[in-house]
Amino acid sequence: MRKFSILLLTTLLGLSFTPTYAETKPIKDWTVAVFLNADNNLDKFGVEDQNEMAKVGSNDFMNVVTLIDREKGPAQINYIEKDNIKKLKDMGELDMGDYKEFVKFAKFIKANYPAKHYSFTFWNHGSGWRNKKEKALFRGVSYDDSSNNHITTEQLSIALKEINTILGQKVDIINFDACLMQMVEVAYACKDYAVYMVGSEESEPGKGAPYDDILKGITKNMSPKEFALNWAKAFADSYNNGSQGNDLSTQSVVDLSKIENLTDAISGVAKAVMTGKYGVAMRRAAFRAQGYDDIDNKDIYSLFEELKTEGVNDKPLIEALKKGQAAVKETVLYSRYTGYKEKDSNGIAIFIPTSYMLSDLYKNLAFAKKSMWDEMILDLGKKVQVEQLIMGIKAGRLNELQMVIRQAKDNPKNPIYRMMLTELNILSASENEIPEKYREEFKTLLAEFIEVLKK
């Protein structure tokens, strides 16, 4: 009745009336969104990758959208059609190292290109959780050379949480077309906000992902799991006499719903290690394990395999290591390497510095707060000092004990000295392990050390 009255009134007044309705955006199966930070020395590869995307382009079941920031140039949002890169919006100069820009991009995606499933890609330099340039003890992705900024691991969690609210669902695929990101520390930051994580344990080749190969493999009604597997397989194929030639690479798919279980298994290994004297042994295992461009990144499965040979007579440790490896297998749905150097890659890495030094920035990571891994690293640091001291004494190097005594005078309450004293007393009880000509001097130094620690 109300509509009739309005229409009658406008007719009587000689006015035209055309009802207007809000535009309904078509909801496709997938929106593939690429946060393409080329404001760095990867600029030319960013242009190449958009051209690869345009070989396939969007279609009736898939949107392909990029936010690209060029080196020394403005940013823009593009809709990738077949054989056409359609500019949607000029963005001016953006700080792509600011996680808030990633969130704003997600808002644009939801408003303009809604879908049943979403894949978000970080395209850029990556370094797991370490700042690659400064070698500071924190890591991240999306390094912007204009701003000198980047998105940290903690900010990644903040951004994804906000994006979940925007989308009204988890991100189906979080993809890192960036180096060294396929780490448990990064996966833990994403686990509550994304379903699958696709990325590389190793540094990626400069060409990165083969977007044409990946997009042409996406089909109507494809599930998130199928999408993730298609991405990783296409990536690996492209570097194995494929579209991008031959090169060293790794690529894997991680089921983020399994990360909590993997973290618990890693804590089990950490606890078992801390019950023994594995300071030197863990260091040997880490040196032998599959490593990457960052020498402190080690493949978890490979590290645990190498540690088995060090603790062969320690049944609880061996059992914990087997559980850890089983958890890796459950978590990693697909893992592949190309080239010979990464032959022991199994899909997910972990940080294990052989210096056993840790920054508070690592200890503040969500993974570190939940797991016992950081406590184990610090414990190993203390134990390796003790082990090296004892080995030195057995080899007749009493100058090392003399140096410890001098240091203890400045800080006698340091708990490491109590740990050393315990081992020195055990060594004293079996003094035959000390060369005979050094035994009396050792006893004198031990007595002095005891007096120092009484203060």
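## Leu 401 and its surroundings

Leaving aside residues up to four places away in sequence, Leu 401 is in contact with Leu 389, Ile 393, Leu 424, Phe 442 and Leu 445. The model is a predicted one. Leu 401 belongs to helix α15, which spans residues 399-410. Its relative accessibility is 0%, so Leu 401 counts as buried, the cut-off for that class being under 20%.

Asn 41 lies 360 residues from Leu 401 along the chain, and the C-alpha atoms of the two are separated by 50 Å.

## The nine-strand sheet

The model contains an open sheet of nine strands with mixed pairing. The strand order is β4-β3-β2-β1-β5-β8-β9-β12-β14. Strands β4 (84-92) and β14 stand at the edges. Each has a single partner strand, so one side of each has no neighbour in the sheet. From one strand to the next, the twist averages 15°.

Helix α3, residues 99-112, packs on this sheet. The strands that α3 touches are β1 (28-38), β2 (62-70), β3 (75-81), β4 and β5 (115-123). The direction of α3 makes about 150° with that of β1.

## Strand β8 and its partners

Strand β8 covers residues 171-177 and is mostly covered, with seven of its seven residues buried. It runs parallel to β5, to which five bridges join it. Within this pairing, Phe 120 has Ile 174 of β8 as its bridge partner.

β8 also runs parallel to β9, and four bridges join these two strands. Here Ile 173 stands opposite Tyr 196 in β9.

Which residues of β12 lie on each of its faces, and are they buried or exposed? Ser 249, Gln 251, Val 253 and Asp 255 are on one side, Thr 250, Ser 252 and Val 254 are on the other, and all are buried. In a regular strand, side chains alternate between the two faces of the sheet. Since seven of the seven residues of β12 (residues 249-255) are buried, the strand is largely enclosed by the rest of the structure.

Strand β9 (residues 194-199) pairs with β12 in the antiparallel sense, over four bridges. Val 198 stands opposite Val 253 in β12, and Tyr 196 has Asp 255 of β12 as its bridge partner. Tyr 196 is also the residue of β9 that stands opposite Ile 173. β12 is joined to strand β14 (residues 332-338) by six bridges, and these two strands run antiparallel. In that pairing, Val 254 has Val 332 of β14 as its bridge partner.

## The largest pocket

The volume of the largest pocket is about 300 Å³. Its lining consists of 13 residues, and those nearest the pocket centre are Lys 277, Val 386, Glu 387, Ile 390 and Glu 423. α14 gives the most, with six residues.

By class, the lining of the largest pocket has six nonpolar, one polar and six charged residues.

## The second largest pocket

The second largest pocket has a volume of about 190 Å³. Its lining is made up of Gln 385, Gln 388, Leu 389, Glu 400, Met 403, Val 404, Gln 407, Ile 416, Tyr 417 and Met 420. Leu 389, listed here, is also one of the residues that Leu 401 touches.

At least two lining residues of the second largest pocket come from each of α14, α15 and α16. Which helix gives the most to this lining? That is α15, with four residues. The lining divides into six nonpolar, three polar and one charged residues.

## Residues with positive phi

Most residues other than glycine have a negative phi. Asp 83, although not a glycine, has a positive phi of about 60°. It lies in the loop between β3 and β4. With a relative accessible area of 63%, Asp 83 is exposed, the cut-off for that class being over 50%.

Tyr 356 is another residue other than glycine with a positive phi, near 60°. Its place is the loop between β15 (349-351) and α12 (360-363). The relative accessible area of Tyr 356 is 5%, so this residue is buried.

Key:
Residues are numbered from 1 along each chain as its sequence is written. This is a predicted model: local features need pLDDT of at least 70, side-chain atom pairs count only at pLDDT 80 or more; totals for chains, interfaces and linings use all residues. Side-chain values use heavy atoms; hydrogens and water are left out. Buried means under 20% relative accessible area, exposed over 50%, partly exposed in between (1.4 Å probe, protein chains only). Contact means heavy atoms within 4.5 Å. Two strands pair if DSSP finds at least two bridges between them. On a 1 Å grid over the protein atoms alone, a cavity is a set of points where a 1.4 Å probe fits but cannot get out, and a pocket is an open set with protein on both sides within 12 Å along at least five of seven lines; lining residues have an atom within 4 Å of a point. Grid points are joined across faces, edges and corners, and a volume is the space filled by probe spheres set on the points. Ala, Val, Leu, Ile, Met, Phe, Trp, Tyr, Cys and Pro count as nonpolar, Asp, Glu, Lys and Arg as charged, and the others, Gly among them, as polar. Axes are lines fitted to C-alpha atoms, for helices over the stretch in contact, and angles run from 0 to 180 degrees between N-to-C directions.
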